[in-house]
Every structure is written in structure tokens, then in C-alpha cells.
Amino acid sequence: MSQLSQAEAPTPTVSDTLRETIATEVCGALGDAVVESMVKPGDDIWMRLRTDAWRSSMITLRESLGFDYFCFLSAIDWLPSPFGRGEDDPTEPAPERDTTVRPGYCGGATRMQVFVRLVSSTKHVGVTLKVDVPDDAMTIDSISNVYAGANWHERETHEMFGISFAGHPDLRNMYLPTDFEGHPLRKDFPLLARMVKPWPGIVDVEPMPGGDAGDES
Amino acid sequence: MTIVNDPLNAKLGDRERLSYIASQAADARLNVELETEGMTLNIGPQHPATHGTLRIIARLDGEQVVWAEPSCGYMHRGYEKLTEVRTFPQVTTLINRIDWLGSFANEVPFILAAEKLMGVEAPPRAQWIRTILFELSRIANVSLFLGDLGVQMGAVTPVFFAFRDREYVLDLIESATGGRFHPNFDRIGGLKDDLPAGWIQETKQVMRKMRSFCDEIESLLFGNEIFQSRTRGIGVIPRDIALQYGLSGANLRASGVDWDLRRDQDSPLAWKNADWKVFTHPDGDSFARCWVRLQETREATKIVDQLLDGIPSGPVMAKVPKIIKVPEGEAWVSTENPLGEMGYYVVSRGDVGPFRVKIRSASFNNISVVPWVLRGVYVPDIITILASLYFILGDIDR
């Protein structure tokens, strides 16, 4: 069994100075492509990139900065759901809800944001990168020819959010039938099961046997 | 009828000439038949090798695959959408069913992400029991893989051993959590309950049994000549491809990448309190993937043994409000699950339920390499390569 390698002693755990150094290094290499960046000590690095520099930044991250591991790609719809938590009584008129788009960490100017997570397989530190998707075009550049694994993730994001990826080889649906209409993970796509019948979980908080019913300690 | 350029023509009579033409025609027809045209082979969605409903469309040239594409979505349940209308404690019921063979391990990263956003930390005893149950679900999950491996190559015996011995582990999980397959035991701030009496002794016995199960599988399968010739050098995934596609877990370590999230990232769980090894293999073929998983199962039994000896005393639940509202923020937590890296990107808006949850499941990435790795392999190897990549359908489709 001589050819079988075994790992040595555990590597030391990642400290915050490491994350800050990496964030500075990435910001320096990407230049003005980084709109905003944020480091949470002991947690993660977030960055928002310019839409037109999305693909070129990925190439830099992979080729020069050592982020060789592609973790996932997905999108967030920042519009608060007009259906709330699906607990409305279907017989009553729908209540008014605040539907102003409010972005998350590192800000954002559009309703949809694509985010990707890349990790360096040697430093074991990851970075979450966000990019605004223009509201009118709903298209950003595909990164599937930078990270081959992004191919399926972009297909999934395309059918679930209706975001197009320019340069993707094949944006067929993965999960939904070909003639499916709508994009299920958009917030304004109703969850029909909740529309036709009230959610029984509304009466979820039952008193525990022997416990005090209304205490909120 | 005249055959102008045939040198034999002059010497042959009509009868011979006709038989010559017939033989030439037959040869020509045979050549046309042997000249392989493309053929499309459809495997699944109902096929024993797919552990569920995965369909693989393979275009063949003779015995070789020219192009292959898995077709998912037969089991898509839309969990990412459903989490948006659930409260945080209710989400664990859904995510239990993503990788149904290692259910407890699915709950842990989500609960850790919620705890991170709330700034709550579970008491040490809860973290240790979490780690033990996490490793038990790894043993239950991967032991089934080790048994199933033989079936894909025509060896039926190991699967009976696997089902027999996995039951001991499931019994342990059931006696601690109340659920055999879907424990739903993890809570924000700790665990639902403490361990039952006598559980520690029983677990130690079972861990001994599982180690001898690993030995049995090793001697039954891994030294077998047929097994070796069916897996060695088959389905090789180089390091660079594995990283690009985001392969994780044993699939990544079998390609020579020394990376285990249990060891290489800060985690409140108790892995750092045990002494164990991370196994890697330089080959990247089907054999390497199976071998790494076998070693990991054995290593997991050792982790459980060591942690059982040192469980700290104390409560298993931190103080959390009865109605849990998670403060605004975003958090990403991933752990080294039986199938690979499983993570949740949780966005909260200070409500009782999450605003958005992105579920990063291991099998989705692990299976996205299939079109790459199946190109050029022979038809019987499709099955062994798929088996060695090891996926659970619920983990692909979510």
C-alpha cells in the first residue's frame, strides 16, 4: 500500500488576519471591478463586483489568486414576497405589503443578484461574490467556460429566476418541464399550495403537556 | 451484364461470375452492418444503478460512449421555495429529506447557520452529541454504499452484510432521536433531548461491529480481482477537473486533494477533540473513490469511540426564546457530510422564517462531472463509475 498517501497532522485553523489579507489581495488584483467588499471576522468574505467585469474577474480569481474550487452559483431575488409567508386567508382580500427592494450585504442596485462562492483549495478560505443583474436585460456573462462546474448551476438559476447567461452553451431546463411558464424561485411567483388552502401550521404553537402555554422567555 | 475491370472475368463462366458478385455484395452488406452508426442508450429513470430516478442519456459508438448527459428533475421538490414559507425550526423537517440516508448530517449545517446569525452557541455537550450522531449517519450512509458497490459488479453478498450491519447503527440513531431515517433532532441552541441510558455502551459495541464489517468488505471486495479490474484506471478524474466541477468529499480526496472540512475549517463541533486521519488517494479512479470511503467509515467509528469517552456533562440546550426570530444578516455554513460538502446560504430579514435559503448539496456538483467523465468509457463502466461517484437522488434534485 505504498502508493496510498495519508494526510499529516491537522493544519492550523484559519484566523481573521488571514481573511483580511486575502480580501486586500483580491481587491488589489481586481482593481475597480470590486464595488464593495466586507469581511466578517471568523466568518466569511463578501464582495460585490461590477456586472461588466464579472467574467474577467473570475478568470483573475482562478488564474492568479488561486480560487480553484467552485462551490456553487445561485441568485437572490431581493423583492419582499407580495404573498408574505403564505399564511393569508384565501377568502379575505389580500393585505397590503411593503415591496421595496432592499439589498443585503455589500449593497446592490437591482432586484436580482447572482452570487457565487469560490474557495481556495490550498488556503481553505472562501469568498462570496455578488453581482447585480440589470433589471431590464436580465442577462449577465456566463462563467461556465472559466469554471466548468458553473454550467449546471447557471442552468438551474436560469430556469428558477429567469436570468440569462450570455455565452452559456446550453440553457435547457434541468428540473422543470420544457413548457413550464414562470420562474418558481422569484418572489412574485405564488406557492399555489398555499393559495388554495390555508396553511395548517398557523396553529402550530400548541401548549406543551404540563408546560406553560403563553410564555415567551 | 459485363464486369469490365475484373481480372477474373475472362476465366469465369456465368454461374461463377454470378456467385462472385453475390459474395462481393454480401461482403459489402456486412461492412455496412459493422460500420457503427450512432445509437442512443437511455438508462433510467427507473434503473437499479441510479438509486432512485435519474435518467442518463448516452450516445454510443459501438461499445463506447461518445456523449452522455444525466437528466435530473424527476424528484425535484422545491425545498428552496418551501423554506421561504416555513419558520426556522420547521425547516429541519424538510432538509432531513435531502440526503435521506444521512439525515441527521443535513440538519447540522442549517442549524449552525441559524445559530451563527443569532449569536447563540449550543452547550458543549450538545456539540459533542451532534458530532457523534453526525458520524453515525456517515457510517450508516457509507456502509450502504460499500454494500451496494458489489451489486453493481455482480457480487450480491456484500449488500446483505451492509443492510444487516447498517440496521445496528439505525437502531442507535432511533433510540437516541426517535427517528430511524428522519431524526429531526437538532434544535437551534442545542438538541431536543439528552442521550438515553446505556446508549454509550451500546454504541461502543456497535462501533466494534462496524469495524469488523469494514474488514469484511475489504477482504470480500477490495482484494477481489474482478473488482480491481472493473475499477482500477476506470473513470479517472484529475485534480484540476475535480476542483473546477466542485466535487467534494471522498470524490475530491480520491483525486489527491487533501481537504476535509471537518479538519480544515473552524467549527463549533467536536471533531478537533478526536485524533483521526484524513485519507487521500492519488489515482482519481473508481477504485480510489471506493477505497477512500472505506477508510473514512473506519475512521468515523474511531471518532465516535473517542468522543463517547469524553462527552462533557451539562445541559443539551442553550437558552433560546420560544418563538425564534433570527436577526437580519447572511450566513454560509457547510460541513463535510457523508456525500461531500453540504452547505446552506441563509439570508434572514429578522423574521420567524428565512428570506432565502440556497441549499448547496454535494451530489449536484458530484454528478455534474458525469458528462465529462463518461466520455469515451465503455457501456458496462457507466454503472461502476456512477456507483463510485455515489449520489443520492434527493441530494441532486432537492
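This is a predicted model: local features need pLDDT of at least 70, side-chain atom pairs count only at pLDDT 80 or more; totals for chains, interfaces and linings use all residues.

Student: What makes chain B more spread out than a compact globule?

Tutor: Chain B contains 16 helices and 10 strands. The globule rule gives 21 Å for 398 residues, whereas the radius of gyration of chain B is 27 Å, well over that value, so chain B is more spread out than a compact globule. Along its principal axes, the C-alpha trace of chain B spans about 105 × 45 × 35 Å.

Student: Why is strand β9 of chain B called largely enclosed?

Tutor: A residue counts as buried if 20 or more other C-beta atoms lie within 10 Å of its own. In β9(B), which covers residues 340–348, nine of the nine residues are buried, so the strand is largely enclosed by the rest of the structure. For chain B as a whole, 51% of the 398 residues count as buried.

Student: How do you know that β8(B) and β9(B) are paired?

Tutor: Two strands pair if at least two bridges are found between them, and nine bridges join β8(B), residues 329–337, to β9(B), with the strands running antiparallel. One example is B:Gly329, which stands opposite B:Ser348, and a hairpin of two residues joins the two strands.

Student: What makes β10(B) a partner of β9(B)?

Tutor: Five bridges link β9(B) to β10(B), residues 356–360, again in the antiparallel sense, and at least two are needed for a pair. Among these contacts, B:Tyr345 has B:Lys358 as its bridge partner in β10(B).

Definitions and conventions: Residues are numbered from 1 along each chain as its sequence is written. Chains are lettered from A and ligands numbered from 1 in the order in which they are written. A residue is buried if 20 or more other C-beta atoms lie within 10 Å of its own, exposed if 12 or fewer, and partly exposed in between; C-beta atoms are placed from the backbone. Helices (H or I, at least four residues) and strands (E, at least two) are DSSP runs, numbered from the N terminus. The radius of gyration is taken over C-alpha atoms; the globule rule is 2.2 Å times the number of residues to the power 0.38.
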